[in-house]
Amino acid sequence: MHELSLCQNLMDQVNELARKHGARSVSSVKVQIGQLAGVEPLLLESAFTIARAGTIAEQAEMITEVVAPIVVCNDCGKESEVTPSNLLCLACGGNDTRLIRGDELILARVELVVDEDPQTH
Amino acid sequence: MCDTCGCNITDGNRHLLTPPKGRSSLGNSPAKILNNLLLHNDQQADLNRAKFDSKGVLTINLMSSPGSGKTALLEATIRQLNGSLKIAVIEGDLETENDADRIRALGVQAHQITTGTACHLDAHLVEKALDHLDLDELDVLFIENVGNLVCPASFDLGHHRNVALLSVTEGDDKPAKYPVMFRAADLMLISKTDILPYLPEFSPDRAEGCLRNLASKAPALRLSSKSGEGLEAWIAWLHSELKSYRNARQQHETVKPNVQPEGRMLHRAEPEIRFVPVKKSA
């Protein structure tokens, strides 16, 4: 939820990177969205089309990658990739687990269009 | 969701969207300021919590679907406590004073927040409501959030504990369907158990199982505000939370609800950067 404000935050980071590397434009932005982040990929994509307007990333495509929750079991120490509604350890079935992935929203990759001269970036 | 329809803009935080007088709105566009809404919310939430802590008031955020019996639970709680704890209530609804009127009818101070279209309370709305309440000598403040299993989970109000209600007329798989909400709960209350005999399809054990599947250690209590069944355990939980809270305050500490704010934050890890070189234009 609250996809537009998250997108604004993301655009700030993207614009900063583009400026830092002297990019002409941004061609793609890849984000990883945890299934427990409370963020809906389709809504983030549509918010992105609003947030990118008038910025250096105006032509950029957003690529969203959904990240399944990963828990570590406090009992047996094993890591399991699980589903949002079942965060139990797959190895021992225990419910004393902690979430190490799957509640995040991460800017994973930015593709920048730059001038061919390597000294500019 | 909320920003898509604009409903995260409430009367409490609307001022954050209005450019200050004397400055050009160009350099301070609504979109730019919207970016900071959650940050502003969290800052206000910390101020609210400091205010509660200075008065030693344990503040509990009640969340559920509409119609799960939040107000009925408060009415039953007031009757059961019979003045043994001093409480006050902030009510959140889109419209009407109805819920606050129900609380006041029992001799307890209440303030109604009407959010208009917003589907949740935020820290600024709560701050405004505090102007209408006397926190002195108070033991517990209940904030009855807008009935909604999605957005309220994302907004810190400055409270200390989250309680999520699940009534037996809803599906027993609600915690599985709304994991972000139920993971945030410090206590789950299965309400309206007096009508369980008519609802063989609802299994309290299955509901609790769905909560455990979220690796939640929060207690799950069953109660009926109407028959009074199970209210003692809920009151005991309240007393025990109040005791832990007061112990924390003696150490000049506070307690925070079991929310997972990291989830909605954009992590500041360095992204991979790929360059697409193009020929320099002359």
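Predicted model: local features only at pLDDT ≥ 70, side-chain atom pairs only at ≥ 80, totals over all residues.

Colleague: What makes 0% count as buried?

Modeller: Buried means under 20% relative accessible area, so B:W234 at 0% qualifies. B:W237 has 8% relative accessibility, so that residue is buried too. B:F142 is also buried.

Colleague: How many aromatic pairs are there over all chains?

Modeller: A search of the whole structure gives two. One of them joins B:F142 and B:W234, with 6.2 Å centre to centre and 40° between the planes.

Colleague: Why is that pair of B:F142 and B:W234 called tilted?

Modeller: Ring centres must lie within 6.5 Å to pair, and these are at 6.2 Å. Planes under 30 degrees apart are stacked and those over 60 are edge-to-face, with the rest tilted, so the 40° here makes the pair tilted.

Colleague: What does the pair tie together?

Modeller: B:F142 sits in strand β4 (residues 140-144) of chain B and B:W234 in helix α10 (residues 231-250) of chain B, so the pair ties together parts that are 92 residues apart in sequence.

Colleague: And why is the pair of B:W234 and B:W237 called stacked?

Modeller: Their planes make 15°, and the cut-off for stacked is under 30 degrees. The centres of B:W234 and B:W237 are 5.8 Å apart. These two are three residues apart in helix α10 of chain B, so about one helical turn separates them. Ring pairs link B:F142, B:W234 and B:W237 into a cluster.

Colleague: On to the sheet. What is the strand order in chain B?

Modeller: Seven strands form an open sheet, ordered β3-β2-β4-β1-β5-β6-β7, with parallel pairing. The twist averages 20° from one strand to the next.

Colleague: What makes β3 and β7 of chain B edge strands?

Modeller: Each of them, β3 (110-114) and β7 (220-222), pairs on one side only.

Colleague: How do you know that β1 and β4 of chain B pair?

Modeller: Pairing takes at least two bridges, and five join β1 (residues 58-63) of chain B to β4(B), the two running parallel. For instance, B:N61 has B:I143 in β4(B) as its bridge partner.

Colleague: Which helix touches β5, β6 and β7 of chain B?

Modeller: That's helix α9 (residues 204-212) of chain B, which packs on the sheet with its direction at about 165° to that of β7(B). Helix α6 (residues 123-130) of chain B lies across β2 (87-93), β3 and β4 of chain B, at about 140° to β3(B).

Colleague: Now chain A. How many helices and strands are there in chain A?

Modeller: Two helices and six strands, in the pattern α-β-α-β-β-β-β-β along the sequence. Of its 121 residues, 52% count as buried.

How values were computed:
Residues numbered from 1 in each chain as written. Chains lettered and ligands numbered in written order. Heavy atoms only, no water. Phe/Tyr/Trp six-rings, centres within 6.5 Å; stacked < 30°, edge-to-face > 60°. Helix = DSSP H or I, 4+ residues; strand = E, 2+ residues; numbered from the N terminus. Buried < 20%, exposed > 50% of the residue type's maximum accessible area, 1.4 Å probe, protein only. Axes fitted to C-alpha atoms, helices over the stretch in contact; angles between N-to-C directions. Contact = heavy atoms within 4.5 Å.
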